[in-house]
Amino acid sequence: MNSTQDTLYAQASEHISDFQFDNRVAGVFSDMIRRSVPGYTQIINTLGDFAKNLVTPDSRVYDLGCSLGAATLSIRRQIQGRNCRILAVDNSQSMIERCRENLNAYVSDTQVDLICGDIRDIEIENASMVVLNFTLQFLPPEDRDALITKIYRGLNPGGLLVLSEKLCFDDAPIQALLEERHLDFKRANGYSELEISQKRSALENVMKPDTLATHEQRLKAQGFSHFSLWFQCFNFASMVAIK
């Protein structure tokens, strides 16, 4: 999944538009997420490990907010020969087009249906695994419970939800400490102060992180009885919930 270097916010702009997963972002997304999300490669690789152990034959896997298809590819490599079907959904046509190119570069007997649409409109059924990889945080907070409810109902018994998100913290010193470490991570990966500042302005109206406690309460309220944080680096985390 090659992409050009992310320089979208390298030039000063008087007006910063809200962040969108448009063609410009899709073209640099691999570089952007690698340099912005600590532990991203570990999360992607582990999604495949989870799938290898928990995806059951003749079931479905849903990658909701699939972007360029990294999660789908990781999962698909581990579930060949099980007669499963992966439904990879994203509301960005640019992401879907590049995802298709990435998937077509590898041969597999596992069917992948690429769907350009709103994940809130997708029916979940016969699912042994659902992935929300840094996706829920971009939905309006008032829509998140309904999506988790739909996922829970569509999962088979023993089915797995993997939820990766940026976190916020009620404890102000902890919030400041971990947020600064994340900024250091981006600086170490070559982002300038201007790029960091302008991207933060672009994201502030469209990405609304929850606390870890909020995620756990939401998942348990919608029916999940098994929940754990399995990965965290600074203010980025990945959680698992089993039906």
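A cavity is here a set of grid points where a 1.4 Å probe fits but cannot get out. In this predicted model, the structure holds one cavity of 30 Å³ or more, and the volume of the largest cavity is about 40 Å³. Its lining is formed by Asp6, Leu8, Tyr9, Ser36, Lys186, Tyr191, Glu195 and Lys199, a group that divides into three nonpolar residues, one polar residue and four charged residues.

Several of these names return around Met32, which, once its neighbours within four places in sequence are left aside, is in contact with Asp6, Leu8, Phe19, Val25, Tyr191 and Lys199. Met32 is also one of the residues that touch the most other members of the largest nonpolar core, a set of 40 residues, together with Leu47, Ile75, Ile79 and Met129. The elements that give two or more residues to this core include helices H1, H2, H3 and H7 as well as strands S4, S5 and S7. Apart from this core lies another, of 23 residues, among them Leu87, Leu132, Leu147 and Leu219.

As for annotation, an unreviewed UniProt entry lists residues 61–159 under "domain: Methyltransferase". In the model, the end C-alpha atoms of residues 61–159 lie 10 Å apart, and the span is 35% helix and 28% strand.

Terms used
Residues are numbered from 1 along each chain as its sequence is written. This is a predicted model: local features need pLDDT of at least 70, side-chain atom pairs count only at pLDDT 80 or more; totals for chains, interfaces and linings use all residues. Side-chain values use heavy atoms; hydrogens and water are left out. A nonpolar core is a set of buried Ala, Val, Leu, Ile, Met, Phe, Trp, Tyr and Cys residues joined through side-chain atoms within 4.5 Å. Buried means under 20% relative accessible area, exposed over 50%, partly exposed in between (1.4 Å probe, protein chains only). Helices (H or I, at least four residues) and strands (E, at least two) are DSSP runs, numbered from the N terminus. Contact means heavy atoms within 4.5 Å. On a 1 Å grid over the protein atoms alone, a cavity is a set of points where a 1.4 Å probe fits but cannot get out, and a pocket is an open set with protein on both sides within 12 Å along at least five of seven lines; lining residues have an atom within 4 Å of a point. Grid points are joined across faces, edges and corners, and a volume is the space filled by probe spheres set on the points. Ala, Val, Leu, Ile, Met, Phe, Trp, Tyr, Cys and Pro count as nonpolar, Asp, Glu, Lys and Arg as charged, and the others, Gly among them, as polar. UniProt positions are given in the numbering used here, feature names are shortened, and annotations may be inferred rather than shown by experiment.
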